[in-house]
Amino acid sequence: MRIAIASDHAAYELKAALADWLREAGHEVEDLGTNGPDSVDYPDFGYALGQAIADGRATRGVALCGSGIGISISVNRNPAARCALVGEPLSAKLSREHNDANVIAMGARLTGIDMAKACLDAFLTTEFAGDRHARRVDKLSNPPQLETSR
């Protein structure tokens with residue numbers, strides 16, 4: 001599977017460990033950075049990950065920051081991305097089964113390496129259930145144009 005992975009400075013160590021683990025499992029991994037502890041802006045890396053999904057360079061993505069919240073918001077700005085913030089394997093499984101999530105987000109300050117691997121394994125091995133969930137997922141990828149008040 002082609003997987004893109006991105007993080008901010010708070011999660012670069014977790015990103016490196018997960019990227020190595022994914023490669024050892026036989027996946028093709030595109031590391032979108034960051035690659036050190038120097039402060040960076042998580043939206044830049046979330047946007048890059050959303051674009052990698054939209055371009056088809058990756059079929060799945062892994063988004064990491066301190067809490068997982070900020071980077072998941074930035075990934076989800078791209079309508080092609082369906083990023084789910086998870087902290088345990090059941091949420092990761094359900095994000096795939098019910099929501100056809102194509103990106104998983106986790107917080108490095110909240111999730112240890114073993115739990116992150118368990119979440120990622122559940123995410124990568126679960127198929128989308130389709131059926132009644134398909135119309136809902138279609139709505140996620142095709143949001144209505146909302147009027148803005150002035």
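User: Why is Cys83 called buried?

Analyst: Cys83 has 12% relative accessibility, and buried means under 20% relative accessible area, with exposed over 50% and partly exposed in between (1.4 Å probe, protein chains only), so Cys83 counts as buried. This is a predicted model, where local features need pLDDT of at least 70 and side-chain atom pairs count only at pLDDT 80 or more, while totals for chains, interfaces and linings use all residues. Residues are numbered from 1 along each chain as its sequence is written, and side-chain values use heavy atoms, leaving out hydrogens and water.

User: What makes Cys119 buried?

Analyst: Its relative accessible area is 0%, so Cys119 is buried.

User: Why is Ile69 called partly exposed?

Analyst: Ile69 has 46% relative accessibility, so it counts as partly exposed. Ile69 is placed in helix H3, residues 69–75; helices (H or I, at least four residues) are DSSP runs, numbered from the N terminus.

User: How do you know that Arg136 is partly exposed, and where is Arg136 placed?

Analyst: The relative accessible area of Arg136 is 41%, so Arg136 is partly exposed. Its place is in helix H6, residues 132–141.

Conventions:
Helix = DSSP H or I, 4+ residues; strand = E, 2+ residues; numbered from the N terminus.
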